[in-house]
Amino acid sequence: MTQRISTMLLTTTALALVTTMVGRADAPPQTSSKASEAADAAQVKRGQYLVKIMACNDCHTPWIVGANGPEPDMTRMLSGHPAQMTLPPAPGPTGPWVMHFAGTNTAWAGPWGVSFTANLTPDKDSGLGEWTEDMFVATIRTGRHQGKGRVVLPPMPIGQYKNATDEDLKAIFRYLQSIPAIRNKVPTPLEPEE
Amino acid sequence: MKPVTFWRSCAASALCLASVATIAATGAGSEASVARPGPLPSRLSETGLYSDASSLTVDPRHLAFSPQYPLWTDGAQKRRWVSLPAGTAIDITDIEVWSFPVGTRFWKEFSFGGRRVETRMLVKSNRTDWQFASYAWNDTQTDAVLAPVTGLPGVAEIAPGKKHSIPSVEDCRACHDSSRTEVLGFSALQLSDDRDANAIHGEPLVNGMVTLRTLLAANRLQPGRPELVSAPPRIPAASSQERAVLGYLSTNCGACHNSNSTLAPLKLMFKQPAYGGGLGVVRAGLVRQTKWDRPGAVPETTSVIDPVVIEHSALLYRMRSRRPASQMPPLGSVTPDAAAVDHVTRWALEEFRRP
């Protein structure tokens, strides 16, 4: 009996599959590739919008003092803490002032040591060029690098971002993969004294 | 059926298979061919591990085993069992990726200083999915309760100021979901009868523990491959030290660093196959520059193995470290494995040192 039900279900599933495939085959190929291009463009646009409102540029693009005062240097958009920038040791915590950050808004000292914002551009060696969508989603969901490495350090707002939908995270990743690649090898975080 | 009844009946394994099949057949929706995993029992005593829970007698039908190259977990003592549904066998057509029957359950018990702390469990709930859980032992050591999916921090002090934590299910999956198989310690290489006597933290094979030979004899492996006994899997190596080191790296690092992992671009291939492994598998990955920079080093000058100053090797630095930002493995332990660091250092000095 059990087996019969399974077989029936399998057949139904198989039928459904065949129907879907026939449905796909019916559609003129050109329209479907145009449709997918449009869907892709919409996803990139959604990702761009999310990156703008979720403040990624605040931390991942180095700040400079421009004509209108401090602002993210968009010529280095989302390329992270500038590798060539040398910093003196961070001052220790004084009283309730436990955190310090550099004027670029890309280097952050606190009880975790010193963290540097990552290069989110698609550069292969120094950015997210070799990342897959799964790795990106897993990083934000788990708060671990690539979903299985060390904990992503403050002030990266993992606690908030992990509540985003898969769809939104995928859109962000798709957009990040579409921006200009900038080579900038961000330093590894400095560990606190033990 | 209530979950508890379901799990009890799972102890009589054939029944378990039948009920999993029923769930599969009656489950609604388009994914009906895949059973939705039921809720896990809230106590270890309800998982079917024990035939008599009051005396903690392990069901004699379960198979005890011990992988020849164990994982380092801060020196925890471990015991492991597997339950295969009655009358079933493991499909070993792909020698590296054993396919376990639906209803297979694994347990792994962790003790520190003779006290049980947690018992982890893996359940094959349908054709493709495994469920992960851990049970935290109570103070009186009579039973253990299901830990939250987010894990339980600080369940036992293992060294002054260092505490063992029960990993979150996400952390279980970080290690168990990163290669072609979720099962890491029950494989052709791990159960070989040509057991490595020099394995780092190798455990004794206690009477009754299964190996390839006994599993084949009991028809638990299909198809029966006689070469598993006539030419048992063994890591080919130039010395016993090299063999032990490669085995250690295979278990402790290979779960994440292997060619099927998302980490493959790092080119660290630590996982050893049953046949045809050896230094050749890992060598190319060891003599290259890392993406990661050793703290204090000039950027982009760190190597996996540094042939000039072996101690500067990223591999050794990260094995020695238990700071969150650099430790390897990145999760699962809070104290470095000093014995392993020592073995790997001596081996690297012999193999790679260039004055």
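## A proline pair in chain A

Let's start in the loop between helix H4 (133–142) and helix H5 (158–161) of chain A, where A:Pro155 lies. Helices and strands here are DSSP runs, numbered from the N terminus: H or I with at least four residues for helices, E with at least two for strands. The bond joining A:Pro154 and A:Pro155 is a cis peptide bond, with omega at about 0°.

Some ground rules: this is a predicted model, where local features need pLDDT of at least 70 and side-chain atom pairs count only at pLDDT 80 or more, while totals for chains, interfaces and linings use all residues. Residues are numbered from 1 along each chain as its sequence is written, chains are lettered from A and ligands numbered from 1 in the order in which they are written, and side-chain values use heavy atoms, leaving out hydrogens and water.

B:Pro223 sits in the loop between strand S12 (221–222) and H5 of chain B.

Back in chain A, A:Asn105 has a positive phi of about 65° although it is not a glycine. Look for A:Asn105 in the loop between strand S3 (100–101) and strand S4 (107–110). As background, most residues other than glycine have a negative phi, and most peptide bonds are trans.

## How confident is the model?

The model scores ipTM 0.78 and pTM 0.88. Chain B averages a pLDDT (the predictor's confidence in each residue, from 0 to 100) of 90, and 90% of its residues score at least 70. Over residues 1–33 of chain B, though, the pLDDT is below 50; beyond near neighbours in sequence, this stretch has 57 contacts (heavy atoms within 4.5 Å) in the model.

## Two domains in chain B

Chain B is split into domain 1 (43–230) and domain 2 (240–352), with bounds that come from an automatic or database domain assignment. Taken over C-alpha atoms, the domain centres are 25 Å apart. Domain 1 brings 31 residues to the contact and domain 2 brings 28. Between them, about 2500 Å² is buried, with carbon and sulfur atoms giving 59%; buried area is the accessible area (1.4 Å probe) that two parts lose on being put together, summed over both. B:Tyr69, B:Trp72 and B:Ile200 supply 26% of what domain 1 buries against domain 2, more than any other three residues.

Two salt bridges are counted between these domains. A salt bridge means a side-chain nitrogen of Lys or Arg within 4 Å of a carboxyl oxygen of Asp or Glu. B:Asp194 also forms a salt bridge with B:Arg243, and their closest N and O atoms are 3.7 Å apart. Strand S11 (162–166), helix H3 (169–176) and helix H5 (227–230) each supply at least two residues of the domain 1 side that touches domain 2. H3(B) gives the most to that side, with three residues.

## Linking the chains

Over all chains, a search of the whole structure finds 26 salt bridges. One salt bridge pairs A:Arg144 with B:Asp171, whose closest N and O atoms are 2.9 Å apart. A:Arg144 lies in the loop between H4 and H5 of chain A and B:Asp171 in helix H3 of chain B, so this pair joins two chains.
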